[in-house]
Amino acid sequence: IMIDIDFAQVKTLVADFDRAVSSYCTATDAFFNEINSFKGWEGDAADKYLSNVNAESALYITFGDNLKNFVNTLDQAIDSLEATFNSAAK
């Protein structure tokens, strides 16, 4: 059985996904930081809203962290697979 994998292309795809994940994390942080820095609304309703926002932001941040971990896992798996293919080809 012949298996042909273009590792450069796979690494490019993972790098593209990594950039998308970084963009997501940056945008998420900026969005929630902007909401938390807004000073035009005060009182009990604002406090309750901000409390809810901060609770929700934790979910988005955790999702971003999970995506970063997934990218790291992909990188490690590709490196390991490439090393295995290279050593088997010798």
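Select E82 and K11 to begin: their side chains form a salt bridge, with the closest N and O atoms 2.6 Å apart. The term denotes a side-chain nitrogen of Lys or Arg within 4 Å of a carboxyl oxygen of Asp or Glu. This pair links distant parts of the chain, since E82 belongs to helix α2 and K11 to helix α1, 71 residues apart. Helices here are DSSP runs (H or I, at least four residues), numbered from the N terminus.

The model is predicted, so local features need pLDDT of at least 70 and side-chain atom pairs count only at pLDDT 80 or more, whereas totals for chains, interfaces and linings use all residues. Residues are numbered from 1 along each chain as its sequence is written, and side-chain values use heavy atoms, with hydrogens and water left out.

Keep K11 selected and colour by accessibility. K11 counts as partly exposed, because its relative accessibility is 35%; buried means under 20% relative accessible area, exposed over 50%, and partly exposed in between (1.4 Å probe, protein chains only).

For a distance check, display the C-alpha atoms of E82 and D6, which are 9.6 Å apart in space and 76 residues apart in sequence.

**The nonpolar core**

Next, select F7, V14, V21, C25, L67, V71 and I78, the seven residues of the largest nonpolar core. Such a core is a set of buried Ala, Val, Leu, Ile, Met, Phe, Trp, Tyr and Cys residues joined through side-chain atoms within 4.5 Å. The elements giving two or more residues to this core are α1 (7–37) and α2. Helix α1 gives the most, with four residues.

Centre the view on I78. Leaving aside neighbours within four places in sequence, I78 is in contact with F7, V10, K11 and V14.

The whole structure holds four salt bridges. One of them joins the side chains of R19 and D16, at 2.2 Å from N to O. Both residues lie in helix α1, three residues apart, about one turn of the helix. R19 is exposed, with a relative accessible area of 52%, while D16 is partly exposed at 36% relative accessibility.

D65 and K68 are separated by about one helical turn, because they are three residues apart in helix α2. D65 counts as partly exposed at 36% relative accessibility, and K68 likewise counts as partly exposed, at 38%.

**A polar contact and a surface patch**

Is S57 buried or exposed? S57 counts as buried because its relative accessibility is 8%. This serine is found in helix α2, and a polar atom of the S57 side chain lies 2.8 Å from the backbone oxygen of N54.

Finally, display the surface of F38, W41 and Y49, which make a nonpolar patch of about 340 Å². Patches consist of residues with over 30% relative accessible area and no salt bridge; like charges are joined within 9 Å, and nonpolar side chains (Val, Leu, Ile, Met, Phe, Trp, Tyr) within 5 Å. Accessible areas come from the Shrake-Rupley method with a 1.4 Å probe, and for residues only the protein chains shown count as cover. Y49 lies in helix α2 (residues 44–89) and is partly exposed, with a relative accessible area of 39%.

Notes: A polar contact is a pair of N or O atoms within 3.5 Å; within protein, one must be able to donate a hydrogen and the other to accept it, and residues adjacent in sequence count only if both atoms are side-chain atoms. Contact means heavy atoms within 4.5 Å.
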